[in-house]
Amino acid sequence: YQAYQGYAHVGRQFSGIGARIASQMQSIDELRHVQTQIHAMSHYNKFFDGFQDWAHMHDRVWYLSVPKSFFEDARSAGPFEFLLAISFAFEYVLTNLLFVPFMSGAAYNGDMATVTFGFSAQSDEARHMTLGLEIVKFLLEQHEDNVPIVQEWIDKWFWRGTRLLSIVGMMMDYMLPNKVMSWKEAWEVYFEQAGGALFKDLSRYGIRMPKYSDVIVKEKEHVSHQAWWIFYN
C-alpha cells in the first residue's frame, strides 16, 4: 500500500509525460497487489488470529518495523531516490528472490492462495523493473556528476533491501514442510548470477557492485538461521 501511495505521489511530481505515466500505471498495479494480498489473507484468517486487522498489526508487530521503515524512508526521499529504492534496488535487483522461489515453495506445499497473488504480482514486475533500470540509466546519462549520487543510493537501498528479505530467507529455510530450494541456493541464482550480469552491464557508466555485497554473499550461509534464532529463542 505504501508503494501505491509513493508512486501516486511521485507521478504528480514529474513534468515528463513518460515518467509520469509509468509511475501512475505502477501505482495502479501496486493498489491491485494490495487487494490480492488482502484477499489471500482472508484464507489465512481461518487458521490464524490477527489477519482480519492487518492495518492495525502493521503498526504494532515488531518485525514489521523493518519493511515499514524501508518504505517510509523511501517515500520521504526525493522522487528519483524513491524510484531507485523501489523500482531498481528492490524490484529489479532483489524482487526475484521474493516472488520466484518463495511462490514456488508455496505452490509445492499446496498454498495456492499465495501462489495466485504472488505470480499475478510477478507478471507486473517486468514493467516495474524496466522503469527502475531506465530511470537509473537516464540519470547516469544526464551528467557524470550523477554517478556518485546514484552509486550511493544503490549502496544504501541494496543493503536495506537485503535486511528486509532476511525474513523471507527464514521462511524458505524453516517454514516450508516441502522445500524447493534453500535461501543460499536462491541467492546464488537470483543475485550472484542475475545481479552480477546486471552490474557488469552498468559498469560502463561507472557503477560498481553495491557496497558490502561481499558481506551479504557471505551471509547467505547463516542469515536465515540467525533470523530464526531471533524469532524463536
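The charged end of Arg163 sits over the ring of Trp159, 4.2 Å from its centre; sitting over a ring requires NZ of Lys or CZ of Arg within 6 Å of the ring centre and within 35 degrees of the ring normal. This is a predicted model, where local features need pLDDT of at least 70, side-chain atom pairs need 80 or more, and totals for chains, interfaces and linings use all residues. Residues are numbered from 1 along each chain as its sequence is written, and side-chain values use heavy atoms, without hydrogens and water.

Now for the rings. The whole structure holds 18 aromatic pairs, a pair being rings of Phe, Tyr or Trp (its six-membered ring) with centres within 6.5 Å; planes under 30 degrees apart are stacked, over 60 edge-to-face and the rest tilted.

Phe158 belongs to helix H8 (residues 146-174) and Trp187 to helix H9 (residues 183-202), so their pair ties together parts 29 residues apart in sequence; helices are DSSP runs (H or I, at least four residues) numbered from the N terminus. Phe158 is buried at 1% relative accessibility, where buried means under 20% relative accessible area (1.4 Å probe, protein chains only). Trp187 is also buried, at 1%, as are both Phe70 and Phe71.

What about the core? The largest nonpolar core has 55 residues, with Phe88 and Phe199 making the most contacts inside it; such a core is a set of buried Ala, Val, Leu, Ile, Met, Phe, Trp, Tyr and Cys residues joined through side-chain atoms within 4.5 Å. H8 gives the largest share of this core, ten residues.

Note on methods: Buried means under 20% relative accessible area, exposed over 50%, partly exposed in between (1.4 Å probe, protein chains only). Helices (H or I, at least four residues) and strands (E, at least two) are DSSP runs, numbered from the N terminus.
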